[in-house]
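Dear colleague,

My notes on what was found in it follow directly after.

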Amino acid sequence: MAINLQQFLAKQLSDGVIDQQLCDLLNAVADLSKEINDKVTHGALAGVLGFAGTDNVQGEHQKKLDVITNEIFVEGVEWTGALAGMASEEMDHCLPTPAAYKRGKYLIMFDPLDGSSNIDINAPIGTIFSITKAPEGKIADESFLTPGRKQIAAGYVMYSPQTILTLTVGNGVFMFTLNLGTGEYILTKENIRIPVQTQEFAINMSNMRHWEAPVQKYVQELLAGDTGPLGKNFNMRWVAAMVAEVHRVLCRGGIFMYPRDNRDPSKPGKLRLMYEANPMSFLIEQAGGKATNGYQNILDLQPEELHQRVAVFLGSAEEVERVTSYHE
Ligand code: F6P
Ligand code: MN
């Protein structure tokens with residue numbers, strides 16, 4: 001018998017893995033993702049393509065869908081009674097739970113629409129989220145700055161040929177496929193394990209000349225193939241949406257990299273720690289893979305700012321360990 005997400009969460013609740021508030025929150029995230037899916041799949045028909053005419057806190061031009069999906073996310077979770085506050089890639093500062101709603105024990109951080117450059121070309125995009133325990137007292141940006149290791153739950157929704165919600169509550173990684181007929185997320189993959197070895201890598205090669213020496217050396221070795229030091233050929237993929245890259249790595253292994261580069265020393269990489277690298281690293285570790293910034297496990301980094309960026313090397317353990325060792 002097929003298990004849906006609600007039934008799966010009810011079982012986690014009765015097993016004591018999650019509590020009622022987390023159960024409510026995760027169900028709310030799943031529900032709002034269906035609304036996002038509806039907007040995304042209707043595209044031009046829903047008038048959601050193109051630029052919004054505004055910039056986010058990181059100076060990026062917002063797409064209409066960045067703004068719309070942020071609103072859907074906020075409105076989808078603020079009322080649940082599970083949250084003390086939330087923070088988003090698309091909001092300069094955190095949003096404590098409005099006084100009209102009951103305050104809960106959790107915080108949620110999210111990237112409502114990952115892979116924005118794919119929106120207008122009908123390529124994969126996603127939503128990423130990370131849930132932590134809220135501290136006591138007033139909620140401010142600093143309240144969110146706990147290491148990724150302390151996450152209680154994390155996941156993403158990928159909008160592509162299929163809409164898939166991937167989740168961890170700390171006991172493995174589970175994937176649910178949206179049945180568009182019934183509106184249910186059905187459990188379609190469990191106990192996901194990333195192969196230790198791989199012959200597939202993902203990196204934006206157009207930045208090669210800007211990378212630091214260890215990454216240059218490592219990617220040269222990948223490109224050298226079976227006559228090089230690694231003794232095997234590698235294939236390359238680049239979808240330009242982290243959700244899709246991580247999904248591929250969870251499904252069949254691989255190494256995904258977004259290193260820092262020397263164009264802008266104030267930016268340690270492109271991806272954001274709190275709502276991109278941390279939740280994805282939690283999923284990757286839960287599936288037996290590794291995730292580092294070249295020096296340390298991403299989950300052990302002490303965050304300093306809500307929107308801070310970080311270099312990312314994640315996926316099959318053998319390759320992530322190799323590129324990390326080149327940084328030492
Ligand atoms: O969120 C940032 C992001 O869109 C990721 O989803 C993706 O992995 C990356 O940027 C793509 O970067 P680039 O524009 O260099 O291809
Ligand atoms: Mn993103």
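Tyrosine 218 counts as buried because its relative accessibility is 0%; here buried means under 20% relative accessible area, exposed means over 50%, and partly exposed lies in between, with a 1.4 Å probe and protein chains only. Please note that this is a predicted model, in which local features need pLDDT of at least 70 and side-chain atom pairs count only at pLDDT 80 or more, while totals for chains, interfaces and linings use all residues. Residues are numbered from 1 along each chain as its sequence is written, chains are lettered from A and ligands numbered from 1 in the order in which they are written, and side-chain values use heavy atoms, with hydrogens and water left out.

The structure holds six aromatic pairs. Rings of Phe, Tyr and Trp (its six-membered ring) pair if their centres lie within 6.5 Å; planes under 30 degrees apart count as stacked, over 60 as edge-to-face and the rest as tilted. The rings of tyrosine 218 and tyrosine 326 form an edge-to-face pair, because their planes stand at 75 degrees, with the centres 6.0 Å apart. This pair links distant parts of the chain, 108 residues apart: tyrosine 218 belongs to helix H4 (residues 213-224) and tyrosine 326 to helix H7 (residues 317-326). Helices (H or I, at least four residues) and strands (E, at least two) are DSSP runs, numbered from the N terminus. Tyrosine 326 is partly exposed, at a relative accessible area of 22%.

Tryptophan 238 and phenylalanine 256 are stacked, because their ring planes lie at 10 degrees, with centres 5.7 Å apart. Tryptophan 238 sits in the loop between strand S12 (235-236) and helix H5 (242-252), and phenylalanine 256 in strand S13 (residues 255-258), so the pair ties together parts 18 residues apart in sequence. Tryptophan 238 is partly exposed at 29%, whereas phenylalanine 256 is buried at 2%.

Lysine 217 lies over the face of tyrosine 326, 4.4 Å from the ring centre; a charge sits over a ring if NZ of Lys or CZ of Arg is within 6 Å of the ring centre and within 35 degrees of the ring normal.

Yours sincerely
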